[in-house]
Amino acid sequence: MEISNTIDSVVIVGGGTAGWLTASKLAKKLNSNKEGAISVTLIESPDIPTVGVGEGTWPTMRKTLAEIGIDETEFIRFCNASFKQGSKFVNWKSAPASSDNHYYHLFSSILDPSEFNLSPYWNLGQAGEKTYAESVSTQGYLSDLFKAPKTISSKAYDGIQSYAYHLDAGKFSELLKRHATENLGVKFLSCNVTNVNSHNEEIISVNTDTYGEIKGDFFVDCTGFACLLLGKTLGIPFKPVSDILFTDHAVAIQVPHDDDNCDINSCTISTAQEAGWIWDIGLQNRRGVGHVYCSEFISHEEAEQTLRDYIGEKSKGLPAKLVPMNVGYREKFWHNNCVAVGLSAAFVEPLEASAIFLIEAASNMLSDQLPKDKSLLPLAAKKFNDSFQFRWNKTIDFIKLHYVLSKRDEPFWQKNKKPESIPQSLQDALLQWRSEPVSAYDFSHVYEPFPMESYQYVLNGMEFDQDLSLSAAKYDEIEHAKKAFAQIDKVKDILIKELPTNRELLNKLSSYSFTKV
């Protein structure tokens with residue numbers, strides 16, 4: 001069988017956010033519109049509904065959209081998107097006891113902690129009685145008032161505060177599809193794959209019900225949990241992490257807004273429950289609300305009722321969608337001439353909105369590292385696999401951190417704190433951080449998904465027992481720290497006056513546009 005020695009065509013099997021974002025990044029980077037460039041073809045079934053990977057993003061999405069050439073105003077309008085400034089965790093520290101049982105994980109602080117770290121000074125009491133988030137960032141204050149991170153006069157993708165988006169994942173896929181096919185040269189085939197053909201552990205082609213055999217030199221598996229190419233055809237095993245992360249199902253309900261001018265939350269709200277947690281995401285036209293839970297401790301019926309109780313009267317008559325979650329990752333993400341992106345590669349619970357970010361990361365690395373010469377594929381694959389093995393393990397550590405630090409005492413939460421369920425890497429870090437501050441040297445790898453700033457928000461927000469008294473003498477720039485803490489109040493007051501609410505800015509965007517970069 002004759003096999004090409006060069007990569008001239010890429011075939012992506014599967015659409016959704018993973019497929020269309022990867023297609024867009026590849027086509028843009030490879031200049032697929034140009035004669036002689038590597039072509040990109042995406043095959044999407046008209047019969048299989050895509051599983052949404054989430055409705056929350058990271059600030060990296062702004063750069064991603066700008067790079068592939070999507071206008072921010074168009075994106076916000078089409079995807080019913082809203083502005084996100086972080087996450088608010090409710091009842092994670094302990095079971096519900098008071099109205100202030102919450103903390104924030106925000107996107108920006110007044111100082112870059114890698115340059116001057118305020119966390120030790122906060123731990124040593126230099127900020128007074130304020131929470132960590134109140135001491136180092138204005139975004140918690142702004143989120144309490146439903147504020148946006150920018151104004152209508154801001155440039156596209158530029159903010160007064162760092163921000164990401166809440167979005168309709170289905171609409172987002174539609175926008176990416178239209179942009180990829182109309183502007184970036186991606187070829188689209190609407191059909192079902194009936195068979196995958198391989199030779200010597202390489203994918204040769206796929207058979208379809210409408211277009212016959214589709215050949216390619218390189219294949220991207222975006223077939224979701226089915227993992228049709230990398231898993232079923234090439235036999236790369238799935239490695240579950242159900243011994244670390246115990247949630248295995250989610251039930252979701254879309255809740256329409258009663259009032260077109262109602263406030264929209266500027267954070268994802270994550271509220272801990274007896275056997276899991278509930279997400280609450282505000283879009284322009286609705287809220288996306290879902291209960292992530294462990295079926296060992298609660299039945300599906302009880303989990304749905306917990307979600308409906310959280311929503312209240314508005315949940316009556318609204319359909320609920322049950323989603324089984326296959327938590328873990330492939331032992332390899334890239335094998336020979338096939339790479340998996342999205343749910344076919346890995347999945348962990350959406351607690352920190354990492355799903356779309358890791359799709360971005362995978363499509364970025366793939367588009368940058370895909371070689372023209374097939375002989376270089378093993379080198380590219382090793383680099384990619386090492387990178388994403390690291391990223392997924394770090395993501396698992398960070399999600400597990402939230403459970404380990406909780407003082408909740410229900411059986412689900414107690415199981416999460418058993419030492420045998422905590423990765424050794426996380427145990428070692430927590431041991432060190434009990435008497436030493438989080439350091440930039442703890443996050444020196446180029447592929448770190450969560451920086452030291454994220455860990456500090458969670459550790460301090462969850463009231464981690466950290467005693468820095470033995471090393472207090474090292475932190476003698478007290479006046480510098482106090483000035484930074486004081487600056488928060490000044491900046492906060494200015495921003496509260498200047499910034500519109502999320503809803504006010506989104507309403508303006510129905511008639512006006514951000515200035516294009």
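A crossing is called left-handed if the near helix is turned anticlockwise from the far one by less than a right angle, and right-handed if clockwise. Helices (H or I, at least four residues) and strands (E, at least two) are DSSP runs, numbered from the N terminus.

All views show a predicted model, in which local features need pLDDT of at least 70, side-chain atom pairs count only at pLDDT 80 or more, and totals for chains, interfaces and linings use all residues. Residues are numbered from 1 along each chain as its sequence is written, and side-chain values use heavy atoms, with hydrogens and water left out.

**View A. Helix H11 passes helix H13 in a right-handed crossing.** Here the axes of H11 (residues 377–404) and H13 (residues 424–433) come within 10 Å and cross at roughly 60 degrees. Axes are lines fitted to C-alpha atoms, for helices over the stretch in contact, with angles from 0 to 180 degrees between N-to-C directions. H11 and H13 are therefore oblique to each other; angles under 35 degrees count as roughly parallel, over 145 as roughly antiparallel, 65 to 115 as roughly perpendicular and the rest as oblique. On the H11 side, the contact (heavy atoms within 4.5 Å) is made by Asp397, Lys400, Leu401 and Val404, and on the H13 side by Ser425, Leu426 and Leu430.

**View B. Strand S11 (residues 218–221) is covered on both faces.** Phe218 and Val220 on one side, and Phe219 and Asp221 on the other, are all buried, meaning under 20% relative accessible area, with exposed over 50% and partly exposed in between (1.4 Å probe, protein chains only). In general, side chains of a regular strand alternate between the two faces of the sheet. S11 pairs in the parallel sense with strand S1 (residues 9–13) over four bridges; two strands pair if DSSP finds at least two bridges between them. Look for valine 10 opposite phenylalanine 218. Three bridges also join S11 to strand S20 (residues 338–340), again running parallel, and there valine 339 is the bridge partner of valine 220.

**View C. Three strands form an open antiparallel sheet in the order S12-S18-S21.** Strands S12 (238–240) and S21 (346–347) stand at the edges with a single partner strand each, so one side of each is left without a neighbour in the sheet. Two bridges join S18 (residues 328–330) to S21, with glycine 328 partnered by phenylalanine 347. H11 lies across S18 and S21, running at about 175 degrees to S18.
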